[in-house]
Amino acid sequence: MKFETLAIHKGNLISDKNKPVVQPITLSTTFEHGNEGGVLYTRAGNPNRLALEEVIAALEKGVDAAAFSSGNAAGTAVFQALEAGSHIIAPDDMYHGLHNSMVMLFKGVLEVSFVDMSKLEEVEKAMRPNTRLIWVETPSNPLLKITDIRAVSTLAKKHGAILACDNTFATPVFQNPLLLGADIVMHSSTKYFGGHSDILGGALVTKEKNAFWEKIRTVQKVGGAVPSPADCYWLARSIRTLAYRMKGHAEHAMILAEYLSNHTKVEKVFYPGLKTHPGHAVAASQMTGFGGIVSFTVKGGAKEADEVVSKLHLFMNATSLGGVESLIERRAAVEGPDTLTPPNLLRVSVGLEHTDDLLEDMDQALG
């Protein structure tokens with residue numbers, strides 16, 4: 001089955017004798033021993049979560065998936081599965097929530113080196129004898145840097161390290177890291193999987209069921225940071241339209257990026273779909289579309305960037321991304337004092353409103 005068909009049918013497991021077209025929400029926290037589905041207790045397994053995990057694994061071309069209560073919980077589960085003293089190589093430009101998880105929750109337990117993942121030589125230079133995990137985020141958040149997944153995969157295998165890729169920005173619609181050499185894929189399903197800014201969730205997908213994956217499954221079941229049956233239901237429902245939503249997001253993002261590239265008040269535009277982007281060639285070799293996120297720097301500083309945001313009407317000044325509505329925020333303001341993000345950078349999650357309206361709104365705000 002093609003992507004669109006898998007998205008609609010793979011996450012719809014019908015066991016009800018009345019054969020409803022849509023799988024119902026199973027709210028029971030416990031199940032009779034010896035039932036046909038093999039579920040026992042909803043923290044360990046639930047029909048709606050099993051359906052969600054099945055469709056996500058299928059879309060990412062993996063053999064298994066584990067759903068979590070948030071993207072941070074999913075990423076943190078990978079770190080929890082590592083042995084104490086393990087070394088991680090991670091992007092210097094990455095989602096600050098997982099960055100904080102590495103440096104705050106695992107301080108003194110794991111070692112972390114942050115490097116520019118778009119430069120393979122820096123990744124190789126950071127390798128240590130105890131490097132167990134290379135964490136990739138491509139396109140990155142919020143500078144939209146591109147990492148060559150194939151090249152980093154070769155390096156990881158050479159040193160016996162696990163390669164995990166945060167695929168939230170690209171989604172499996174545009175990129176399948178497991179097919180490019182990654183071992184594990186991570187998603188904040190809050191974003192494009194949910195698609196409507198009303199569900200919190202995360203997921204991991206594995207290329208193979210090995211000992212490390214079993215450790216992650218143990219973290220999921222014992223730690224208990226799992227999504228509710230209702231959240232799983234709504235995520236599976238939203239995934240059915242993922243392919244079509246992503247095509248719209250990417251089309252609109254390219255239009256906005258091209259517009260911003262020619263505006264006199266804009267200093268620089270970050271979008272891998274632009275041929276001027278330094279990672280464009282690599283992105284084009286591993287992605288079938290360039291996603292719905294555009295970042296740009298306003299000429300001036302934080303004050304000028306904030307002024308642009310304050311004048312917008314359709315772009316809501318809010319954190320998060322991936323919803324049908326357009327969002328914008330000055331990332332440095334929310335990432336904290338240690339951020340490397342330029343103070344005048346605005347990150348835009350380009351929504352599905354008509355592009356004429358979006359461009360008119362941005363035009364009046366920029367002046």
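K191 counts as buried in this predicted model, because its relative accessibility is 14% and the cut-off for buried is under 20%. This lysine sits in the loop between β6 and β7. Leaving out residues up to four places away in sequence, K191 touches T168, S320, L321 and G322. The residue also carries a label from a database: an unreviewed UniProt entry places the feature "modified residue: N6-(pyridoxal phosphate)lysine" at K191.

Strand β6 covers residues 184-187 and strand β7 covers residues 202-206, and the pair runs in the antiparallel sense over 4 bridges. Within this pairing, V185 stands opposite V205 in β7. In general, strands of a sheet pair through backbone hydrogen bonds, either parallel or antiparallel.

Zooming out, β6 and β7 are part of an open sheet of 7 strands. Reading across, the order is β1-β7-β6-β5-β4-β2-β3, and the pairing is mixed. At the edges sit β1 (64-68) and β3 (111-115), each of which pairs on one side only. From one strand to the next, the twist averages 20 degrees.

Helix α2, made of residues 47-59, lies across β1 and β7 and runs at about 125 degrees to β1. Helix α8 (residues 211-223) lies across β1, β5 (162-166), β6 and β7, this time at about 25 degrees to β1.

Then there is the nonpolar interior. As a general point, nonpolar side chains in soluble globular proteins tend to be buried together. Here the largest nonpolar core has 81 residues, and the ones with the most contacts inside it are I56, I134, L260, F296, I328 and M362. Helix α10 (residues 242-261) supplies the largest share of this core, with 9 residues. Domain 1 (3-237) and domain 2 (243-366) both give residues to the core, so it lies between them.

M362 gives a closer look at that packing. Setting aside its neighbours within four places in sequence, M362 is in contact with L256, Y259, L260, F296, L312, F315 and I328. Among these partners, L260, F296 and I328 are also listed with the most contacts inside the core.

Notes: Residues are numbered from 1 along each chain as its sequence is written. This is a predicted model: local features need pLDDT of at least 70, side-chain atom pairs count only at pLDDT 80 or more; totals for chains, interfaces and linings use all residues. Side-chain values use heavy atoms; hydrogens and water are left out. A nonpolar core is a set of buried Ala, Val, Leu, Ile, Met, Phe, Trp, Tyr and Cys residues joined through side-chain atoms within 4.5 Å. Buried means under 20% relative accessible area, exposed over 50%, partly exposed in between (1.4 Å probe, protein chains only). Helices (H or I, at least four residues) and strands (E, at least two) are DSSP runs, numbered from the N terminus. Domain bounds come from an automatic or database domain assignment. Contact means heavy atoms within 4.5 Å. Two strands pair if DSSP finds at least two bridges between them. Axes are lines fitted to C-alpha atoms, for helices over the stretch in contact, and angles run from 0 to 180 degrees between N-to-C directions. UniProt positions are given in the numbering used here, feature names are shortened, and annotations may be inferred rather than shown by experiment.
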